[in-house]
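Please look at the sequence and the 3D structure shown here before reading on. The report after them is written for a reader who is new to this structure.

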Amino acid sequence: MTWPLPSVFILTILVLVSTAANAQLSENYYDDSCPAALLTIRTAVAGAVLLDRRMGASLLRLHFHDCFGCDASVLLDDAANFTGEKGAGPNAGSLRGFEVIDNIKTLLELMCPQTVSCADILAVAARDSVEQLGGPSWTVLLGRRDATTASASLANSDLPGPTSNLNNLLSKFSNKGLSTTDMVALSGAHTVGRAQCKNFRTRIYNDTDIDASFAASLRAGCPQQAGASDGGLEPLDAPSPDSFDNSYFAGLVSQRGLLHSDQALFGGGGATDGLVSSYASNGDQFASDFAAAMVKMGNISPLTGTNGEVRVNCRRVN
């Protein structure tokens, strides 16, 4: 059959529009294919956080460390054809919560085989974790697919580290399309969780922009000599380490940021001082900006449509 030229043109446009629409993330992506998916994730996260309050921060961090790509590559174990991200500098020995994601995936595979991606599980679990810890909620857009490879070198180059200065932080986030406000708000995720001695040792012995009594209180558990104490944990926000609030920013104003990269946000007269002060005095503003930044971060370079796959096991490709 020969199509008249206008009809061919219209059909082509319709196909292109349909393809573009199918490649977009949507809040109701699983409404028909797996309607109980979000409730299943929420219930599992609530149980995990109830058993281990620290797990909420760990699941949030998993999503963040994945979402300078948002494709569940952080969950992949090393394979014959690639070295994964779990052993990258910002991740090695510190990421946790993989078993929680595994359990959720097992449940969803029983309910809706090869339907809900590991990347979407991470995104929803992060939102639900923040809610469980008393923080804000937001609408998670869904429809991400999973990567079929991972890169330790990209994780090392893309993710900000605990010794980052302000310019480095701004650059890392800007490279992913995130603004200064996004960066400061997302850094507020450190209102929950812990950090290892090896990541704040240099700060408590060498930095000058640190409250003296705060530094002294940390040195007993984190001696200057590297060794067995490297993995010792201290809260990133000592007053309320398992509650999602704005006290992290009040700590920065008081020069009590645990990591060098935390304190870099305030005190140097830089572009972020004013925003830190605002968040320290206005928890609602922080919560609102954090939720907006999480949505924005969750939309960084997702695989959609026919790109990637929906993994059956989050730790390895199909």
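This is a predicted model: local features need pLDDT of at least 70, side-chain atom pairs count only at pLDDT 80 or more; totals for chains, interfaces and linings use all residues.

Residues are numbered from 1 along each chain as its sequence is written, and side-chain values use heavy atoms, with hydrogens and water left out.

The domain assignment, whose bounds come from an automatic or database source, gives domain 1 (36–159) and domain 2 (166–297). The C-alpha centres of domain 1 and domain 2 lie 22 Å apart, and the contact (heavy atoms within 4.5 Å) takes 25 residues from domain 1 and 20 residues from domain 2.

Helices here are DSSP runs of H or I with at least four residues, strands are runs of E with at least two, and both are numbered from the N terminus. Helix α8 (residues 180–187) is mostly covered, since six of its eight residues are buried, a word that stands for under 20% relative accessible area, with exposed meaning over 50% and partly exposed in between (1.4 Å probe, protein chains only). The buried residues of α8 are Asp-182, Met-183, Val-184, Ala-185, Leu-186 and Ser-187, and what covers them includes α7 (166–174), α11 (247–253), α13 (273–281) and α14 (283–298).

Two helix pairs are set out below, with axes that are lines fitted to C-alpha atoms, for helices over the stretch in contact, and angles that run from 0 to 180 degrees between N-to-C directions.

| Helix pair | Angle | Axis distance |
|---|---|---|
| α8 and α13 | about 45° | 10 Å |
| α13 and α14 | roughly 115° | within 5 Å |

Angles under 35 degrees count as roughly parallel, over 145 as roughly antiparallel, 65 to 115 as roughly perpendicular and the rest as oblique. By their angle, α8 and α13 are therefore oblique to each other, and their contact is made by Thr-180, Thr-181, Val-184 and Ala-185 of α8 together with Leu-275, Val-276 and Tyr-279 of α13.

The helices α13 and α14 are therefore roughly perpendicular to each other. In this pair, Leu-275, Ser-278, Tyr-279 and Ser-281 of α13 meet Gly-283, Gln-285, Phe-286 and Asp-289 of α14.

Beyond α8, Thr-191 has its place in the loop between α8 and β1 (194–196). Thr-191 counts as buried because its relative accessibility is 0%. Leaving aside residues up to four places away in sequence, Thr-191 touches Asp-237, Ser-240, Pro-241, Ser-243, Phe-244, Asp-245, Ser-247 and Tyr-248.
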